[in-house]
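This report goes through a few local features of one structure and then turns to its nonpolar core. Please look at the sequence and the model first.

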Amino acid sequence: MPDEFTPDAEDGLRDRVTVTRREAIKLTALAGAAIATAHLGTLAAGSPRPAPAPSRTANASMPVAADMAPQRMAVALQINGKAHSMTLDTRTTLLDTLRESLGLTGTKKGCDHGQCGACTVLIDGRRANACLALAVMLDGTEITTIEGLSKGDQLHPMQQAFLTHDGFQCGYCTPGQICSSVGMLSEAAAGMPSHVTSDLSLKQVTLSDDEIRERMSGNLCRCSAYPNIVNAIREVSKATPGVQS
Ligand code: FES
Ligand code: FES
């Protein structure tokens, strides 16, 4: 290795590197040919092929472990004041139970992932996404859906306010919006703060439009009927004891 890196030295180095590369390529080619020949010889001699790598996907013929098999369970649900006893697959959501087993299709399925609020119902008076609740976990609770809010022909004040203020267009999100707003007013009346509540020490919540929007942010409306939804909720909030607007 020269002390100084002169153009001559560079040429010498390049020559050496070139030779080394050629040698390396030759050696690699020879080694590959030797391995291939050995493998062919092994196969010709009748040696068993190496076992294939195990598949990473589930084998359909693989027996299902007993604790993974579908389980059914008896459950007693109280829905809109009526008792329902049934036996359900333990994986059934409340949303599917309402819609598929009981024909209560007022509760809508939007995303089925807890992101749109279309399936909002009241469980023991608290709003909840029915698509995220397993029915068998609700044994003994009182569930209210949009069908249970009115008293016969008499609409719930929130239902009436949505009609009065034209708080919907296609109406798909509306049952969830109405159930959610009923539950939201109960939370506000109980003094529960929201993300935009500025003074957490106050016992009584002042339900500004910002508060309404924030508290209803889990209920999406693809028709963007939001201004009229806020108007409807504001009207009912004025008549709700414990809520200041
Ligand atoms: S369907 Fe339940 S949150 Fe969208
Ligand atoms: S009224 Fe159509 S999605 Fe809300």
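G167 sits in the loop that runs between α3 (157-164) and α4 (174-189). The model is a predicted one. G167 counts as buried because it has 26 C-beta neighbours inside 10 Å, where 20 or more are needed. Leaving aside residues up to four places away in sequence, G167 touches F162, A225, N228, I229 and A232. I229 is 62 residues away from G167 along the chain, yet their C-alpha atoms are separated by 4.5 Å.

| Strand pair | Residues | Sense | Bridges |
|---|---|---|---|
| β3 and β4 | 120-123 and 126-129 | antiparallel | 4 bridges |
| β3 and β5 | β5: 142-144 | antiparallel | 2 bridges |

On the β5 side, I123 has I143 as its bridge partner.

The largest nonpolar core has 43 residues, and L94 and A130 have the most contacts inside it. At least two residues of this core come from each of β1 (72-79), α2 (94-101), β3, α3, α4 and α6 (226-238). α4 gives the most, with 6 residues. Domain 1 (70-148) and domain 2 (157-244) both give residues to the core, so it lies between them.

Which residues does L94 touch, not counting those up to four places away in sequence? L94 touches A130, A133, A135 and L138.

Technical notes: Residues are numbered from 1 along each chain as its sequence is written. Chains are lettered from A and ligands numbered from 1 in the order in which they are written. This is a predicted model: local features need pLDDT of at least 70, side-chain atom pairs count only at pLDDT 80 or more; totals for chains, interfaces and linings use all residues. Two strands pair if DSSP finds at least two bridges between them. A residue is buried if 20 or more other C-beta atoms lie within 10 Å of its own, exposed if 12 or fewer, and partly exposed in between; C-beta atoms are placed from the backbone. Two residues are in contact if their C-beta atoms, placed from the backbone, lie within 7 Å. A nonpolar core is a set of buried Ala, Val, Leu, Ile, Met, Phe, Trp, Tyr and Cys residues joined through C-beta atoms within 7 Å. Domain bounds come from an automatic or database domain assignment.
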